[in-house]
Amino acid sequence: MKSYDVAIVGMGPVGATLACLLARRGLQVLVVDRELAIYDKPRAIVLDHEALRVLQHCGVEESFFQSVFPHTGTDFVGIDGQLIKLFDPKAPPFELGWPPNVMFIQPELEEALARAMDRCATIERHRGISVTGADDQGDKVILTLSEIDGAERQVEAAWVVGADGANSFIRESAGLPLHDMDFAEWWIVVDAWLTGDTPLPRKTTQYCQPKRPATFVVGPRGLLRWEIKLLPGEDPQEMRSDDRINELLSGFVDPAAVSLWRSAVYRFRAAVADRWREGRLLIAGDAAHTMPPFLAQGLCAGIRDAASLAWRLDQVLRHDANDALLDSYEIERKPHVAEIIGHAKAFGLIIGELDPQRAAERDRVLEEQLRSGTVPTERQAFVPMLREGVIAAGDPLAGTLFVQPKVLTGTPAREQLLDDLVGPDFLIVSDDAAMLDLPPSLLQRWEAIGGQRLFVGTGPAAEGVTRLNDTEGLIARWLARSNIKAAIVRPDRYVYGGASDPSALRQSVMDLTAQLTGSETYAAA
Ligand SMILES: Cc1cc2nc3c(=O)[nH]c(=O)nc-3n(C[C@H](O)[C@H](O)[C@H](O)COP(=O)(O)OP(=O)(O)OC[C@H]3O[C@@H](n4cnc5c(N)ncnc54)[C@H](O)[C@@H]3O)c2cc1C
């Protein structure tokens, strides 16, 4: 029977991302999907800077990143067409290395991920195969793979991840119940290409209008999207007819100026799995959570799951971490995504209000908030930091995202993004050489988890330390404004914790390595 480190069920964007992240660490990965081809129509249309950074870690090629467009911002308009709320696009510089939000075309991303997977020698991937059985035997999982013609075979894997979408087979098999978060609305989504000359908003626009709540999205390269709420009594299937779609669109655009690409009716729901792991079975992406698209975070959250799971599986499989580390995946990810779902629901309720009186009151309150400047106007403000999990307890920096400067490397020198240079490892980063000089036993412990030490200061540094040429001094500025001398950064680029002196840093390294190995204490060097 063929054997793998990790088998991934589902080759949607989350499964494909996870496959790349694991294989680029040298793990043997099987990834299968029951569909014969990539779904050729878009669902997600916005990605955030964190997702782009993870896709960078996947080895997605430059041409995909060239194909995305910066988000132009979002206006929420009230009953009389007045501005009641907004998200501004953030101006450069972009400290994570990527713009906070970009517009993209999902099938193009999935094609780019397929090519990235094909460049990984340790990925075996198959389409047209359904997983129909997952038997967790304690020390491994036996998966049953069913071909389209009904032929069955079995393979074994140390770990199985269900990235198999909202109706996840793996979630069901593992007995991981879904917690309903009380949101269920019918919306029709229409994607179209701009073909004529017609006035359209320059920004994404939320029409918070009880007569017909809707979202208009400015996609890349002339792609336009309308998400339109169905009103009580409207039949979701009947609303998909060409006549009804033209009728709906004519409220927003001259239908003759666009060419329809696709339409689909969705029951937007909010739910999160109560548990994300049972034994050797784990879930990620839509298998673990679903949300209405009003904050454009469903896929971003799934990509975060993949990044969070990849380094944990790597620590368990290649660095002898205790498999209890995999429980911290749910501890960390579940509250994070639940908070995002809460915001997405809240935006859905703002946009979708059908009662004219309540909508008028909403407009009054939101206009007042906008005038007084008391509400965030950055979309990313609604994406929280990590508050639990593998982070230093009580440290205000723990769970925030580490910056990503461009660094100069090689001869002749060329500019590279930091993560492309250092790879997906734990990092200690400092501009003070003394901070990086760890005692031998602690250094051994640090290197056993694959940790690297990066120096952004001047003068000599200890042996084994990588010197970075951060030409714009972004890391040094970040350390200074965070009031620390060094930071420990996780492979998914969340900050584990900061330290102001060598003894605090050493304690943090001991705490982290103890968390990974599951040992209560680690003897001081
Ligand atoms: C209208 C709309 C707009 C959205 N906009 C955004 C946005 O702008 N930004 C954003 O971040 N998110 C957005 N989302 C959410 C985003 O599209 C999803 O969260 C994302 O596509 C989920 O990816 P996934 O890989 O987890 O699941 P999926 O894409 O559903 O992939 C699951 C895969 O598993 C396969 N599979 C299932 N069962 C089996 C089995 N038993 N054996 C083998 N294979 C199996 C399926 O064939 C499928 O290919 C939007 C969603 C919608 C509906």
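Over the ring of which residue does the charged end of Arg280 sit? In this predicted model, local features need pLDDT of at least 70 and side-chain atom pairs count only at pLDDT 80 or more, whereas totals for chains, interfaces and linings use all residues. Residues are numbered from 1 along each chain as its sequence is written, and side-chain values use heavy atoms, with hydrogens and water left out. The ring in question belongs to Trp159, whose centre lies 4.5 Å from the charged end of Arg280; a charge sits over a ring if NZ of Lys or CZ of Arg is within 6 Å of the ring centre and within 35 degrees of the ring normal.

Across the whole structure, 20 aromatic pairs were found, a pair being rings of Phe, Tyr or Trp (its six-membered ring) with centres within 6.5 Å. One aromatic cluster is formed by Phe183, Trp187, Tyr266, Phe268 and Phe294.

The ligand is surrounded by 31 residues, each with a heavy atom within 4 Å of the ligand; the closest are Asp33, Val46, Asp286, Leu299 and Cys300. This shell comprises 16 nonpolar, eight polar and seven charged residues, with Gly counted as polar and Cys and Pro as nonpolar. Polar contacts (pairs of N or O atoms within 3.5 Å) involve a nitrogen atom of the ligand, 2.9 Å from a polar backbone atom of Val46, and an oxygen atom of the ligand, 3.1 Å from a polar side-chain atom of Arg43. A polar backbone atom of Pro13 lies 3.4 Å from an oxygen atom of the ligand. The protein buries 90% of the 1,000 Å² that the ligand exposes when taken alone (Shrake-Rupley method, 1.4 Å probe).

Conventions
Polar contact = N/O pair within 3.5 Å; in protein donor to acceptor, adjacent residues only side chain to side chain. Phe/Tyr/Trp six-rings, centres within 6.5 Å; stacked < 30°, edge-to-face > 60°.
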